[in-house]
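This report covers fold, helix packing, aromatic contacts and salt bridges. Please look over the sequence and the model before reading on.

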Amino acid sequence: KKTTFATMWQVAKKNRLRGNTMSQTFEENLQDAEKLLTRFREETLVHFINGRHEAGCSGDTFETAAPSDNSIIGKVAAGSTEDADRACKVAEVAFQDWKNVPGKERKRLLHKVADAIIERARDIALVESADSGQAIRFMSKAAIRGAANFQYFADMAPSARDGLSLPADEHLNYTIRQPIGPVGVITPWNT
């Protein structure tokens with residue numbers, strides 16, 4: 001069964017009925033965001049490499065500030081070339097098992113990630129709104145959109161290796177679908 005954007009909104013509506021939704025007032029959102037941001041003020045946000053949280057090779061950190069008022073949200077571990085290299089090496093080792101995980105199991109795992117995002121969409125939206133300076137009305141939709149990405153790839157996983165061509169009128173597409181391994185990507189997060 002494919003999950004649609006409409007299905008995700010229905011889940012979001014159920015969360016609203018359980019009280020897990022955006023507050024109706026600006027003040028309530030600020031209070032709730034403050035509770036969530038306490039974690040980042042009390043603990044440095046570290047790397048997650050090979051299933052473990054760690055400070056990184058150098059132990060250096062930097063402060064991240066809220067663009068709305070330049071208040072310090074918290075400290076973040078500064079990544080180094082060595083940290084990235086180590087993450088790539090352990091990802092390559094893990095890939096040897098991951099590439100053999102059947103499509104149905106990948107689908108289940110990716111949907112589990114999407115479900116967790118949807119369940120925490122309100123928290124994610126509040127924290128990201130504070131961190132990026134974006135309006136809460138936008139960030140609440142961005143969290144759900146993030147879940148939609150996981151759901152899309154989850155639904156594609158069972159047929160990922162079917163080798164079917166993607167037809168086009170102008171030319172012939174020949175497709176070989178196989179896992180290629182870890183990919184390092186730096187994405188701008190200035191939404």
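In what order do the elements of the protein run from the N terminus on? The order is α-α-β-β-β-β-α-α-α-α, with six helices and four strands in the protein. Helices (H or I, at least four residues) and strands (E, at least two) are DSSP runs, numbered from the N terminus.

The model is predicted: local features need pLDDT of at least 70 and side-chain atom pairs count only at pLDDT 80 or more, while totals for chains, interfaces and linings use all residues. Residues are numbered from 1 along each chain as its sequence is written, and side-chain values use heavy atoms, with hydrogens and water left out.

**Overall figures**

The protein has 191 residues, of which 25% count as buried. Buried stands for under 20% relative accessible area, exposed for over 50%, and partly exposed for the range in between (1.4 Å probe, protein chains only). Areas come from the Shrake-Rupley method with a 1.4 Å probe; for residues, only the protein chains shown count as cover. Among contacts with a separation of 6 or more, 62% are between residues 24 or more positions apart; a contact means heavy atoms within 4.5 Å.

**Helix H5**

Helix H5 (residues 121–132) has 12 residues. From first C-alpha to last, H5 reaches 16 Å, close to the 16 Å expected at 1.5 Å a residue; the expected span is 1.5 Å times one less than the number of residues. The buried residues of H5 include Arg122, Leu126, Val127 and Glu128. Its buried residues pack against helix H2 (26–42), strand S4 (72–77), helix H4 (103–119) and H6. Gly133 follows H5 and has a positive phi, near 85°.

**Aromatic pair and nonpolar patch**

The structure holds one aromatic pair. Tyr152 and Phe153 have ring centres 5.0 Å apart and planes at 85°, so the pair is edge-to-face. Rings of Phe, Tyr and Trp (its six-membered ring) pair if their centres lie within 6.5 Å; planes under 30 degrees apart count as stacked, over 60 as edge-to-face and the rest as tilted. Phe153 belongs to helix H6 (residues 136–156) and is exposed at 53% relative accessibility, whereas Tyr152 is partly exposed at 47%.

Tyr152, Phe153 and Met156 make a nonpolar surface patch of about 320 Å². Patches are made of residues with over 30% relative accessible area and no salt bridge, joining like charges within 9 Å and nonpolar side chains (Val, Leu, Ile, Met, Phe, Trp, Tyr) within 5 Å.

**Salt bridges**

A salt bridge is a side-chain nitrogen of Lys or Arg within 4 Å of a carboxyl oxygen of Asp or Glu. By this rule the count comes to seven salt bridges, including those in the table.

| Salt bridge | N to O distance |
|---|---|
| Arg41 and Glu34 | 2.6 Å |
| Asp123 and Arg120 | 3.1 Å |
| Asp155 and Lys107 | 3.9 Å |

Asp155 forms its salt bridge with Lys107. Asp155 lies in helix H6 and Lys107 in helix H4, so this pair ties together parts that are 48 residues apart in sequence. Asp155 is buried, with a relative accessible area of 11%. Partly exposed residues include Arg41 at 38%, Glu34 at 40% and Arg120 at 45%.

Helix H4 also contains Arg108, which is partly exposed at 43% relative accessible area.
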